[in-house]
Amino acid sequence: MNKYDTLISGLSSDLKPVSPPPNINRLALVWCLLSAVYVVVVTHLIDPIRPGAISQLGSEPRFLLETMLGVAAIIWFSLLAFRSAIPAALTRQFAIAGVVLMTLWLLQYVIGFVSPALDPSKLGKRDHCYIETMVYSLPVILTGLFLVRRLYPLGFVRTAMSVSLVAGMLPALYMQLACMYAPAHILSFHILPGLLMVAVGAGIAVWWRSRDPVLASEYL
């Protein structure tokens, strides 16, 4: 046996079989679904949703479209976030499509200043909806970061920002049913607090990365 064979034999002697990587799309969808269930349950535990909100989904097509756009954008960004944790799994086209979808959803509330999907009303107003939006999203951010950390993302902070956007938008979207409907209120007290969680998630990721020897060698 020559020296190269000896080297190869030595390097491979301690190798152990490893489990195959998880199905990234399935993992993202399960996380998104369980997070949505958590948000719905905890929201109901605090206060009931706005009277008549569910029936409005069937009677008001614009309101249904607005809600479905939000659901689609959140699901798409869940896939985007987890794909960004694996090299080459996220394409530029997929990322752009996610941004476009999220923008189309949020634009509905801007359009609502001129032509709202529902007549603006204070019916169902929750006193601390903006705090609820931020607090409910924190466990979703932490579980998402824990899952993507196990995938060894090359850009942990970038991935964390996408995870946090999903986490912030889940309660922001459900507040469309749980709280009063008025475009100005929605943008200020539901959407804006949800967007602020992106910065919170990025801060958590930076802190985590500074204390994790594996993540510490990665870049944004």
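Select Cys-32 to begin: this residue counts as buried because its relative accessibility is 7%, where buried means under 20% relative accessible area, exposed over 50% and partly exposed in between, with a 1.4 Å probe and protein chains only. The next stop is Cys-129, which takes part in no disulfide and has the sulfur of Cys-179 as its nearest cysteine sulfur, 3.9 Å away. A disulfide is a pair of cysteine sulfur atoms within 2.5 Å, and the structure holds 0 of them. Cys-129 is buried, since its relative accessible area is 2%.

Some notes on the model are needed here. It is a predicted model, in which local features need pLDDT of at least 70 and side-chain atom pairs count only at pLDDT 80 or more, while totals for chains, interfaces and linings use all residues. Residues are numbered from 1 along each chain as its sequence is written, and side-chain values use heavy atoms, with hydrogens and water left out.

**The whole chain**

Now display the protein as a cartoon. There are 8 helices and 0 strands, and the order from the N terminus is α-α-α-α-α-α-α-α. These elements are DSSP runs numbered from the N terminus, helices being H or I of at least four residues and strands E of at least two. Of the 220 residues, 43% count as buried. Among contacts with a separation of 6 or more, 83% are between residues 24 or more positions apart; contact means heavy atoms within 4.5 Å. With a surface shown, the accessible area comes to about 11,800 Å², and 71% of it belongs to carbon and sulfur atoms. Such areas come from the Shrake-Rupley method with a 1.4 Å probe, and for residues only the protein chains shown count as cover.

**The largest pocket**

Select Ser-84, Leu-90, Arg-158, Thr-159 and Ser-162, which lie nearest the centre of the largest pocket among its 20 lining residues. α4 (61–83), α5 (92–111) and α7 (156–178) are the elements that give two or more residues to this lining, and α7 provides the largest share, 5 residues. A pocket is an open set of points on a 1 Å grid over the protein atoms alone, where a 1.4 Å probe fits, with protein on both sides within 12 Å along at least five of seven lines; lining residues have an atom within 4 Å of a point. The space in the largest pocket is about 390 Å³. Its lining divides into 14 nonpolar, 4 polar and 2 charged residues.

Remain with Thr-159, which is found in helix α7. Is Thr-159 buried or exposed? Thr-159 is buried, because its relative accessible area is 1%. Beyond neighbours within four places in sequence, Thr-159 is in contact with Ala-81, Ser-84, Ala-85, Val-148 and Pro-153.

**The loop between α4 and α5**

Move to Ala-88, placed in the loop between α4 and α5. Most residues other than glycine have a negative phi. Ala-88, although not a glycine, has a positive phi of about 70 degrees. Ala-88 counts as exposed because its relative accessibility is 80%.

**The second largest pocket**

Finally, select Ala-36, Val-71, Ile-74, Leu-170 and Leu-173, the residues nearest the centre of the second largest pocket, which is lined by 15 residues. This pocket holds about 290 Å³ of space. Which element gives the most to its lining? That element is α2, with 7 residues. α2 (24–46), α4 and α7 each supply at least two lining residues. By class, the lining has 14 nonpolar, 1 polar and no charged residues.

Definitions and conventions. Points joined across faces, edges and corners; volume = space filled by probe spheres on them. Nonpolar A, V, L, I, M, F, W, Y, C, P; charged D, E, K, R; others polar.
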